[in-house]
Amino acid sequence: MLKQITEFGHYAVGFATIVLITVFFRHESSFAVTTVVLSYLLAILIASSRWGLGVSVFMSAASMLVLDYFFFPPVGHFTIADPQDWVSLFAFLMTSVIGSDLHARARRQAEEANRRKNEVEQLYEFSRELLKLRDPLGLPNEVPRQIVKSFRAAAAALYLADKKEVFRSGAEVPPLNAMRLQSAAVNDYPDIDRSQGVYYSPVRLGSWLIGSFGILGSRVSEQTLEAIGTLIASAIDRAHAIEMLGKAEAVRENERLKSVLLDAVTHDFKTPLTSIKASATSLLEDLEFNKHQRKELLVIIDEECDRINRLIGETSEMARLEAGDVTLEFAPQTVGDLISAALGDCESVQSARPIHVEMKDPSRKVIVDLSWARKVLAHLIRNADLYSSPGEPITISSGENNDFVEFRVADKGPGIEESEINQIFDRFYRGNSQRHRIPGTGMGLPIAKAIVEAHGGTIEVVSRKGHGSIFTFSLPMDRGANENH
(Lines give C-alpha, C1' and ligand atoms only; values in the text may rest on other atoms or scores of the structure.)
Protein backbone atom coordinates (compact mmCIF):
# COMPACT_ATOMS: atom_id res chain seq x y z
CA MET A 1 0.00 0.00 0.00
CA LEU A 2 2.81 2.39 0.90
CA LYS A 3 4.52 1.61 -2.40
CA GLN A 4 1.33 2.46 -4.34
CA ILE A 5 0.99 5.78 -2.48
CA THR A 6 4.62 6.62 -3.28
CA GLU A 7 4.15 5.85 -7.00
CA PHE A 8 0.99 7.99 -7.12
CA GLY A 9 2.99 10.82 -5.57
CA HIS A 10 5.61 10.55 -8.34
CA TYR A 11 2.93 10.82 -11.03
CA ALA A 12 1.37 13.80 -9.25
CA VAL A 13 4.72 15.61 -9.02
CA GLY A 14 5.38 14.87 -12.71
CA PHE A 15 2.00 16.30 -13.69
CA ALA A 16 2.57 19.35 -11.47
CA THR A 17 5.93 19.95 -13.17
CA ILE A 18 4.26 19.99 -16.59
CA VAL A 19 1.65 22.43 -15.28
CA LEU A 20 4.31 24.78 -13.84
CA ILE A 21 6.34 24.79 -17.08
CA THR A 22 3.15 25.49 -19.07
CA VAL A 23 2.07 28.38 -16.81
CA PHE A 24 5.56 29.89 -16.94
CA PHE A 25 5.85 29.86 -20.75
CA ARG A 26 2.24 30.99 -21.26
CA HIS A 27 3.02 33.98 -19.08
CA GLU A 28 6.38 34.64 -20.76
CA SER A 29 5.29 34.55 -24.36
CA SER A 30 8.62 35.87 -25.68
CA PHE A 31 10.23 32.38 -25.72
CA ALA A 32 10.30 30.32 -28.90
CA VAL A 33 8.39 27.05 -29.11
CA THR A 34 11.71 25.21 -29.40
CA THR A 35 12.68 26.44 -25.93
CA VAL A 36 9.37 25.23 -24.55
CA VAL A 37 9.83 21.80 -26.13
CA LEU A 38 13.38 21.45 -24.74
CA SER A 39 12.18 22.49 -21.28
CA TYR A 40 9.55 19.74 -21.29
CA LEU A 41 12.15 17.25 -22.57
CA LEU A 42 14.60 18.19 -19.80
CA ALA A 43 11.92 17.74 -17.13
CA ILE A 44 10.95 14.36 -18.59
CA LEU A 45 14.56 13.09 -18.57
CA ILE A 46 15.06 14.25 -14.98
CA ALA A 47 11.88 12.45 -13.94
CA SER A 48 13.08 9.34 -15.76
CA SER A 49 16.35 9.36 -13.78
CA ARG A 50 14.51 9.76 -10.49
CA TRP A 51 11.28 7.77 -10.85
CA GLY A 52 11.63 5.47 -13.83
CA LEU A 53 10.11 4.92 -17.24
CA GLY A 54 6.41 4.93 -16.26
CA VAL A 55 6.37 8.49 -14.93
CA SER A 56 8.46 9.81 -17.85
CA VAL A 57 6.10 8.23 -20.45
CA PHE A 58 3.12 9.76 -18.65
CA MET A 59 4.84 13.18 -18.68
CA SER A 60 5.74 12.75 -22.39
CA ALA A 61 2.10 12.16 -23.33
CA ALA A 62 0.90 15.05 -21.17
CA SER A 63 3.57 17.37 -22.63
CA MET A 64 2.57 16.50 -26.19
CA LEU A 65 -1.07 17.33 -25.46
CA VAL A 66 -0.12 20.60 -23.74
CA LEU A 67 2.14 21.62 -26.64
CA ASP A 68 -0.66 20.87 -29.09
CA TYR A 69 -3.27 22.83 -27.13
CA PHE A 70 -1.29 25.83 -25.84
CA PHE A 71 1.66 26.38 -28.20
CA PHE A 72 0.99 24.99 -31.69
CA PRO A 73 -1.53 26.85 -33.85
CA PRO A 74 -4.45 26.96 -33.74
CA VAL A 75 -3.95 27.64 -30.00
CA GLY A 76 -6.77 26.47 -27.76
CA HIS A 77 -7.70 23.53 -29.98
CA PHE A 78 -6.45 19.93 -30.20
CA THR A 79 -5.92 20.35 -33.92
CA ILE A 80 -2.77 21.20 -35.87
CA ALA A 81 -2.88 23.27 -39.06
CA ASP A 82 0.69 22.79 -40.24
CA PRO A 83 1.81 19.19 -41.04
CA GLN A 84 5.32 20.11 -39.87
CA ASP A 85 3.94 20.58 -36.37
CA TRP A 86 2.73 16.98 -36.49
CA VAL A 87 6.26 15.88 -37.29
CA SER A 88 7.61 18.06 -34.46
CA LEU A 89 5.18 16.63 -31.91
CA PHE A 90 5.83 13.07 -33.02
CA ALA A 91 9.59 13.65 -32.90
CA PHE A 92 9.24 15.17 -29.42
CA LEU A 93 7.22 12.19 -28.20
CA MET A 94 9.63 9.61 -29.62
CA THR A 95 12.67 11.51 -28.36
CA SER A 96 11.29 11.80 -24.86
CA VAL A 97 10.16 8.14 -24.71
CA ILE A 98 13.37 6.73 -26.21
CA GLY A 99 15.53 9.02 -24.07
CA SER A 100 13.60 8.01 -20.97
CA ASP A 101 13.90 4.34 -21.85
CA LEU A 102 17.67 4.61 -22.42
CA HIS A 103 18.06 6.56 -19.22
CA ALA A 104 15.98 4.04 -17.26
CA ARG A 105 17.92 1.15 -18.78
CA ALA A 106 21.24 2.77 -17.85
CA ARG A 107 19.90 3.36 -14.37
CA ARG A 108 18.85 -0.29 -14.02
CA GLN A 109 22.25 -1.46 -15.26
CA ALA A 110 24.01 0.81 -12.79
CA GLU A 111 21.82 -0.47 -9.96
CA GLU A 112 22.46 -4.07 -11.04
CA ALA A 113 26.21 -3.45 -11.21
CA ASN A 114 26.15 -1.86 -7.78
CA ARG A 115 24.08 -4.75 -6.41
CA ARG A 116 26.51 -7.31 -7.83
CA LYS A 117 29.43 -5.34 -6.41
CA ASN A 118 27.78 -5.39 -2.97
CA GLU A 119 27.10 -9.13 -3.27
CA VAL A 120 30.72 -9.81 -4.21
CA GLU A 121 31.87 -7.79 -1.19
CA GLN A 122 29.42 -9.68 1.03
CA LEU A 123 30.60 -13.03 -0.38
CA TYR A 124 34.21 -12.02 0.29
CA GLU A 125 33.36 -11.07 3.87
CA PHE A 126 31.44 -14.33 4.34
CA SER A 127 34.28 -16.47 2.92
CA ARG A 128 36.84 -14.67 5.09
CA GLU A 129 34.81 -15.30 8.24
CA LEU A 130 34.37 -18.98 7.31
CA LEU A 131 38.14 -19.35 6.84
CA LYS A 132 38.67 -18.07 10.39
CA LEU A 133 36.56 -20.86 11.87
CA ARG A 134 38.71 -23.58 13.45
CA ASP A 135 36.19 -25.45 15.57
CA PRO A 136 34.43 -28.21 13.57
CA LEU A 137 31.83 -28.66 16.32
CA GLY A 138 30.88 -24.97 16.35
CA LEU A 139 30.69 -24.57 12.57
CA PRO A 140 26.96 -25.45 12.12
CA ASN A 141 25.93 -22.72 14.58
CA GLU A 142 28.44 -20.22 13.20
CA VAL A 143 27.43 -20.48 9.51
CA PRO A 144 23.89 -18.99 9.96
CA ARG A 145 25.29 -16.30 12.23
CA GLN A 146 27.85 -15.29 9.61
CA ILE A 147 25.17 -15.27 6.86
CA VAL A 148 23.08 -12.84 8.93
CA LYS A 149 26.15 -10.70 9.61
CA SER A 150 27.63 -10.66 6.09
CA PHE A 151 24.40 -10.30 4.07
CA ARG A 152 22.53 -8.07 6.55
CA ALA A 153 19.75 -10.64 6.67
CA ALA A 154 16.96 -10.78 9.24
CA ALA A 155 17.54 -14.49 9.80
CA ALA A 156 19.32 -17.54 8.39
CA ALA A 157 19.19 -21.29 8.88
CA LEU A 158 21.38 -24.27 8.00
CA TYR A 159 20.02 -27.80 7.60
CA LEU A 160 22.50 -30.71 7.79
CA ALA A 161 21.21 -33.90 6.21
CA ASP A 162 23.46 -36.28 8.17
CA LYS A 163 22.38 -34.85 11.52
CA LYS A 164 18.73 -34.19 10.54
CA GLU A 165 19.02 -30.93 12.43
CA VAL A 166 18.41 -27.24 11.67
CA PHE A 167 20.74 -24.55 13.04
CA ARG A 168 19.36 -21.01 13.17
CA SER A 169 20.40 -17.43 13.76
CA GLY A 170 18.53 -14.13 13.87
CA ALA A 171 14.99 -13.11 14.80
CA GLU A 172 12.62 -15.17 12.64
CA VAL A 173 8.96 -14.09 12.45
CA PRO A 174 7.77 -16.37 10.95
CA PRO A 175 10.71 -18.81 11.11
CA LEU A 176 12.35 -20.32 8.05
CA ASN A 177 10.42 -23.49 7.27
CA ALA A 178 12.25 -26.73 8.13
CA MET A 179 10.27 -28.72 5.56
CA ARG A 180 11.25 -26.33 2.77
CA LEU A 181 14.88 -26.56 3.91
CA GLN A 182 14.74 -30.35 3.64
CA SER A 183 12.97 -30.13 0.30
CA ALA A 184 15.64 -27.79 -1.12
CA ALA A 185 18.32 -30.27 -0.03
CA VAL A 186 16.58 -33.29 -1.55
CA ASN A 187 15.41 -31.64 -4.79
CA ASP A 188 18.79 -29.95 -5.34
CA TYR A 189 17.41 -26.64 -6.65
CA PRO A 190 16.70 -23.23 -5.08
CA ASP A 191 13.27 -22.40 -3.66
CA ILE A 192 12.82 -18.61 -3.95
CA ASP A 193 9.96 -16.39 -2.83
CA ARG A 194 11.08 -12.84 -3.69
CA SER A 195 7.81 -11.25 -2.57
CA GLN A 196 8.46 -12.47 0.98
CA GLY A 197 12.24 -12.13 0.75
CA VAL A 198 12.75 -15.84 1.50
CA TYR A 199 15.43 -17.97 -0.19
CA TYR A 200 16.20 -21.68 0.20
CA SER A 201 19.14 -23.30 -1.59
CA PRO A 202 20.90 -26.69 -1.48
CA VAL A 203 24.42 -27.28 -0.14
CA ARG A 204 26.27 -29.95 -2.11
CA LEU A 205 29.89 -30.83 -2.75
CA GLY A 206 30.00 -32.99 -5.84
CA SER A 207 27.81 -36.00 -5.14
CA TRP A 208 27.95 -35.42 -1.38
CA LEU A 209 24.58 -34.12 -0.15
CA ILE A 210 25.37 -31.89 2.82
CA GLY A 211 22.03 -30.14 3.33
CA SER A 212 20.60 -26.71 2.57
CA PHE A 213 20.41 -23.16 3.89
CA GLY A 214 17.79 -20.43 4.06
CA ILE A 215 17.94 -16.63 4.13
CA LEU A 216 15.20 -14.25 5.23
CA GLY A 217 15.06 -10.50 4.57
CA SER A 218 18.03 -10.02 2.23
CA ARG A 219 17.80 -9.68 -1.56
CA VAL A 220 20.27 -12.04 -3.23
CA SER A 221 20.60 -13.40 -6.76
CA GLU A 222 20.57 -17.07 -7.73
CA GLN A 223 24.27 -16.83 -8.58
CA THR A 224 24.99 -15.53 -5.08
CA LEU A 225 22.88 -18.31 -3.54
CA GLU A 226 24.93 -20.85 -5.47
CA ALA A 227 28.17 -19.18 -4.35
CA ILE A 228 27.03 -19.19 -0.69
CA GLY A 229 26.18 -22.89 -0.96
CA THR A 230 29.61 -23.63 -2.43
CA LEU A 231 31.37 -21.68 0.33
CA ILE A 232 29.37 -23.47 3.04
CA ALA A 233 30.12 -26.86 1.46
CA SER A 234 33.83 -26.04 1.27
CA ALA A 235 33.87 -24.88 4.89
CA ILE A 236 32.09 -28.03 6.10
CA ASP A 237 34.41 -30.22 4.03
CA ARG A 238 37.41 -28.37 5.46
CA ALA A 239 36.09 -28.73 9.00
CA HIS A 240 35.48 -32.43 8.36
CA ALA A 241 39.07 -32.80 7.12
CA ILE A 242 40.40 -30.96 10.19
CA GLU A 243 38.32 -33.20 12.44
CA MET A 244 39.60 -36.35 10.70
CA LEU A 245 43.16 -35.04 10.85
CA GLY A 246 42.74 -34.29 14.55
CA LYS A 247 41.43 -37.77 15.21
CA ALA A 248 44.27 -39.32 13.23
CA GLU A 249 46.77 -37.16 15.08
CA ALA A 250 45.18 -38.13 18.40
CA VAL A 251 45.47 -41.80 17.49
CA ARG A 252 49.12 -41.36 16.52
CA GLU A 253 49.83 -39.39 19.69
CA ASN A 254 48.03 -42.01 21.76
CA GLU A 255 50.13 -44.77 20.18
CA ARG A 256 53.28 -42.75 20.74
CA LEU A 257 52.40 -42.14 24.38
CA LYS A 258 51.62 -45.81 24.85
CA SER A 259 55.01 -46.67 23.41
CA VAL A 260 56.78 -44.11 25.59
CA LEU A 261 54.85 -45.22 28.67
CA LEU A 262 55.59 -48.88 27.98
CA ASP A 263 59.27 -48.10 27.50
CA ALA A 264 59.40 -46.01 30.68
CA VAL A 265 57.43 -48.49 32.78
CA THR A 266 59.44 -51.41 31.44
CA HIS A 267 62.69 -49.64 32.28
CA ASP A 268 61.48 -48.55 35.70
CA PHE A 269 60.08 -51.98 36.56
CA LYS A 270 63.18 -53.78 35.36
CA THR A 271 65.58 -52.29 37.93
CA PRO A 272 63.52 -52.96 41.10
CA LEU A 273 62.44 -56.37 39.84
CA THR A 274 66.08 -57.30 39.25
CA SER A 275 66.94 -56.25 42.81
CA ILE A 276 63.93 -58.11 44.24
CA LYS A 277 64.75 -61.20 42.21
CA ALA A 278 68.41 -61.19 43.28
CA SER A 279 67.55 -60.70 46.96
CA ALA A 280 64.80 -63.31 46.96
CA THR A 281 67.01 -65.83 45.13
CA SER A 282 69.78 -65.30 47.65
CA LEU A 283 67.41 -65.93 50.55
CA LEU A 284 65.92 -69.02 48.87
CA GLU A 285 69.32 -70.56 48.26
CA ASP A 286 69.61 -70.83 52.06
CA LEU A 287 73.08 -69.40 52.14
CA GLU A 288 74.56 -68.79 55.58
CA PHE A 289 73.49 -65.17 56.06
CA ASN A 290 73.61 -63.63 59.46
CA LYS A 291 70.68 -61.68 60.84
CA HIS A 292 72.04 -58.32 59.62
CA GLN A 293 72.59 -59.58 56.05
CA ARG A 294 69.12 -61.10 55.85
CA LYS A 295 67.62 -57.81 57.05
CA GLU A 296 69.49 -55.89 54.32
CA LEU A 297 68.10 -58.20 51.64
CA LEU A 298 64.57 -57.87 53.02
CA VAL A 299 64.94 -54.07 53.19
CA ILE A 300 65.95 -54.07 49.51
CA ILE A 301 62.86 -56.14 48.65
CA ASP A 302 60.65 -53.82 50.72
CA GLU A 303 62.06 -50.60 49.19
CA GLU A 304 61.89 -51.88 45.63
CA CYS A 305 58.29 -53.01 46.17
CA ASP A 306 57.50 -49.48 47.39
CA ARG A 307 59.15 -48.12 44.25
CA ILE A 308 56.99 -50.32 42.01
CA ASN A 309 53.90 -49.36 44.00
CA ARG A 310 54.75 -45.66 43.57
CA LEU A 311 55.19 -46.15 39.83
CA ILE A 312 51.78 -47.81 39.55
CA GLY A 313 50.29 -45.02 41.66
CA GLU A 314 51.75 -42.31 39.40
CA THR A 315 50.41 -44.06 36.32
CA SER A 316 46.96 -44.29 37.90
CA GLU A 317 47.06 -40.62 38.99
CA MET A 318 48.01 -39.47 35.49
CA ALA A 319 45.16 -41.46 33.95
CA ARG A 320 42.62 -40.05 36.44
CA LEU A 321 43.81 -36.45 35.99
CA GLU A 322 43.73 -36.68 32.19
CA ALA A 323 40.25 -38.23 32.27
CA GLY A 324 38.99 -35.50 34.64
CA ASP A 325 38.03 -38.21 37.09
CA VAL A 326 39.28 -36.25 40.12
CA THR A 327 37.00 -34.33 42.46
CA LEU A 328 38.88 -31.89 44.69
CA GLU A 329 37.60 -31.17 48.18
CA PHE A 330 38.83 -27.68 48.98
CA ALA A 331 39.40 -26.55 52.55
CA PRO A 332 41.61 -23.96 54.30
CA GLN A 333 45.03 -25.37 55.22
CA THR A 334 48.02 -23.57 56.71
CA VAL A 335 51.25 -23.33 54.78
CA GLY A 336 53.05 -25.05 57.66
CA ASP A 337 50.66 -28.02 57.63
CA LEU A 338 51.00 -28.44 53.86
CA ILE A 339 54.79 -28.45 53.94
CA SER A 340 54.86 -30.77 56.97
CA ALA A 341 52.50 -33.21 55.23
CA ALA A 342 54.68 -33.24 52.10
CA LEU A 343 57.85 -33.79 54.14
CA GLY A 344 56.12 -36.68 55.89
CA ASP A 345 55.71 -38.29 52.47
CA CYS A 346 59.44 -37.85 51.76
CA GLU A 347 61.07 -39.43 54.82
CA SER A 348 63.58 -41.29 52.67
CA VAL A 349 64.74 -37.97 51.17
CA GLN A 350 65.12 -36.40 54.63
CA SER A 351 67.30 -39.27 55.76
CA ALA A 352 69.55 -38.91 52.67
CA ARG A 353 70.19 -35.14 52.60
CA PRO A 354 69.40 -31.94 54.53
CA ILE A 355 66.16 -30.11 53.72
CA HIS A 356 65.97 -26.43 54.69
CA VAL A 357 62.52 -24.92 55.22
CA GLU A 358 62.06 -21.14 55.06
CA MET A 359 58.45 -20.08 55.64
CA LYS A 360 57.58 -16.38 55.73
CA ASP A 361 54.28 -17.05 57.52
CA PRO A 362 53.57 -20.70 58.49
CA SER A 363 50.05 -19.79 59.68
CA ARG A 364 49.01 -18.29 56.34
CA LYS A 365 46.13 -20.37 54.91
CA VAL A 366 45.55 -21.61 51.38
CA ILE A 367 42.40 -23.15 49.87
CA VAL A 368 43.45 -26.61 48.72
CA ASP A 369 42.66 -30.30 48.70
CA LEU A 370 45.42 -31.32 51.10
CA SER A 371 45.64 -34.92 49.87
CA TRP A 372 46.43 -33.69 46.34
CA ALA A 373 48.33 -30.46 47.09
CA ARG A 374 50.85 -32.29 49.27
CA LYS A 375 51.63 -34.54 46.28
CA VAL A 376 52.80 -31.52 44.27
CA LEU A 377 55.37 -30.58 46.90
CA ALA A 378 56.34 -34.22 47.42
CA HIS A 379 56.91 -34.71 43.67
CA LEU A 380 59.13 -31.62 43.53
CA ILE A 381 61.11 -32.71 46.63
CA ARG A 382 61.73 -36.21 45.21
CA ASN A 383 62.61 -34.69 41.84
CA ALA A 384 65.16 -32.39 43.51
CA ASP A 385 66.59 -35.37 45.41
CA LEU A 386 67.02 -37.40 42.21
CA TYR A 387 68.87 -34.66 40.35
CA SER A 388 70.95 -33.14 43.18
CA SER A 389 74.49 -34.15 43.99
CA PRO A 390 74.84 -36.38 47.12
CA GLY A 391 74.79 -34.40 50.35
CA GLU A 392 73.63 -31.15 48.74
CA PRO A 393 70.66 -29.55 50.55
CA ILE A 394 67.16 -28.92 49.20
CA THR A 395 65.54 -25.61 50.15
CA ILE A 396 61.76 -25.20 50.52
CA SER A 397 60.42 -21.65 50.91
CA SER A 398 57.10 -19.84 50.73
CA GLY A 399 55.91 -16.30 50.18
CA GLU A 400 52.88 -14.26 49.16
CA ASN A 401 52.11 -12.86 45.73
CA ASN A 402 48.79 -10.96 45.45
CA ASP A 403 46.03 -13.51 46.21
CA PHE A 404 48.33 -16.53 46.00
CA VAL A 405 50.94 -18.20 48.15
CA GLU A 406 54.04 -19.24 46.23
CA PHE A 407 56.01 -22.35 47.16
CA ARG A 408 59.60 -22.82 45.93
CA VAL A 409 61.74 -25.95 45.85
CA ALA A 410 65.40 -25.21 45.06
CA ASP A 411 68.14 -27.76 44.41
CA LYS A 412 71.84 -27.59 43.58
CA GLY A 413 71.78 -30.14 40.80
CA PRO A 414 73.16 -29.97 37.25
CA GLY A 415 70.35 -27.68 36.07
CA ILE A 416 68.18 -27.93 32.95
CA GLU A 417 69.21 -27.18 29.41
CA GLU A 418 67.59 -23.97 28.15
CA SER A 419 66.21 -25.83 25.12
CA GLU A 420 64.39 -28.27 27.45
CA ILE A 421 62.73 -25.75 29.80
CA ASN A 422 59.51 -25.59 27.74
CA GLN A 423 59.26 -29.41 27.60
CA ILE A 424 60.01 -30.24 31.21
CA PHE A 425 56.30 -30.45 32.16
CA ASP A 426 55.34 -32.60 29.16
CA ARG A 427 54.17 -36.14 29.84
CA PHE A 428 56.93 -38.76 29.87
CA TYR A 429 59.58 -36.19 28.97
CA ARG A 430 62.96 -36.65 30.59
CA GLY A 431 66.12 -34.63 30.05
CA ASN A 432 68.39 -35.91 27.31
CA SER A 433 71.47 -35.86 29.53
CA GLN A 434 69.77 -37.55 32.51
CA ARG A 435 67.22 -40.02 31.11
CA HIS A 436 69.63 -42.98 31.15
CA ARG A 437 71.28 -42.06 34.48
CA ILE A 438 68.29 -41.16 36.65
CA PRO A 439 65.38 -43.64 37.05
CA GLY A 440 61.85 -42.41 36.41
CA THR A 441 58.99 -42.25 33.93
CA GLY A 442 58.70 -38.48 33.44
CA MET A 443 55.23 -38.39 35.02
CA GLY A 444 55.99 -36.60 38.29
CA LEU A 445 56.18 -33.04 36.93
CA PRO A 446 53.15 -33.38 34.59
CA ILE A 447 51.13 -34.73 37.54
CA ALA A 448 52.26 -31.78 39.67
CA LYS A 449 51.30 -29.33 36.89
CA ALA A 450 47.84 -30.89 36.47
CA ILE A 451 47.16 -30.73 40.22
CA VAL A 452 48.30 -27.09 40.52
CA GLU A 453 46.19 -26.00 37.54
CA ALA A 454 43.18 -27.84 38.99
CA HIS A 455 43.61 -25.58 42.06
CA GLY A 456 43.71 -22.48 39.83
CA GLY A 457 47.43 -21.91 40.28
CA THR A 458 50.52 -21.97 38.06
CA ILE A 459 53.84 -23.79 38.08
CA GLU A 460 57.14 -22.87 36.44
CA VAL A 461 60.87 -23.50 36.68
CA VAL A 462 63.96 -21.31 36.54
CA SER A 463 67.28 -23.05 36.00
CA ARG A 464 70.93 -22.32 35.34
CA LYS A 465 73.11 -24.99 33.87
CA GLY A 466 75.51 -26.19 36.58
CA HIS A 467 73.83 -24.15 39.36
CA GLY A 468 70.57 -26.03 39.98
CA SER A 469 66.89 -25.33 39.49
CA ILE A 470 64.07 -23.56 41.35
CA PHE A 471 60.54 -24.89 40.86
CA THR A 472 57.81 -22.41 41.87
CA PHE A 473 54.09 -23.12 42.12
CA SER A 474 51.21 -21.01 43.46
CA LEU A 475 48.05 -21.92 45.34
CA PRO A 476 45.08 -19.61 46.08
CA MET A 477 45.18 -17.86 49.41
CA ASP A 478 42.31 -18.05 51.91
CA ARG A 479 41.06 -14.46 51.62
CA GLY A 480 38.89 -14.73 54.70
CA ALA A 481 41.89 -15.72 56.75
CA ASN A 482 43.85 -12.90 55.15
CA GLU A 483 41.29 -10.30 56.26
CA ASN A 484 41.31 -11.61 59.85
CA HIS A 485 45.07 -12.11 59.95
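This is a predicted model: local features need pLDDT of at least 70, side-chain atom pairs count only at pLDDT 80 or more; totals for chains, interfaces and linings use all residues.
Reader: What makes the contact between Arg 152 and Glu 125 a salt bridge?

Author: The side chains meet at 3.3 Å, N to O. The cut-off is within 4 Å, so the pair counts as a salt bridge. A search of the whole structure finds 11 salt bridges.

Reader: Which parts does the pair of Arg 152 and Glu 125 tie together?

Author: Arg 152 lies in the loop between helix 5 and strand 1, and Glu 125 lies in helix 4, so the pair ties together parts 27 residues apart in sequence.

Reader: Why is Arg 152 called exposed?

Author: Its relative accessibility is 55%. Exposed means over 50%, so the word applies.

Reader: Is Glu 125 buried or exposed?

Author: Glu 125 has a relative accessible area of 17%. Buried means under 20%, so Glu 125 is buried.

Reader: What makes Arg 374 and Asp 345 a salt bridge?

Author: Their side chains meet at 2.9 Å, N to O, and the cut-off is within 4 Å, so the pair qualifies. Arg 374 is in helix 11, while Asp 345 is in the loop between helix 9 and helix 10, 29 residues apart.

Reader: Why does Arg 374 count as partly exposed?

Author: Arg 374 has 25% relative accessibility.

Notes:
Residues are numbered from 1 along each chain as its sequence is written. Side-chain values use heavy atoms; hydrogens and water are left out. Helices (H or I, at least four residues) and strands (E, at least two) are DSSP runs, numbered from the N terminus. Buried means under 20% relative accessible area, exposed over 50%, partly exposed in between (1.4 Å probe, protein chains only).
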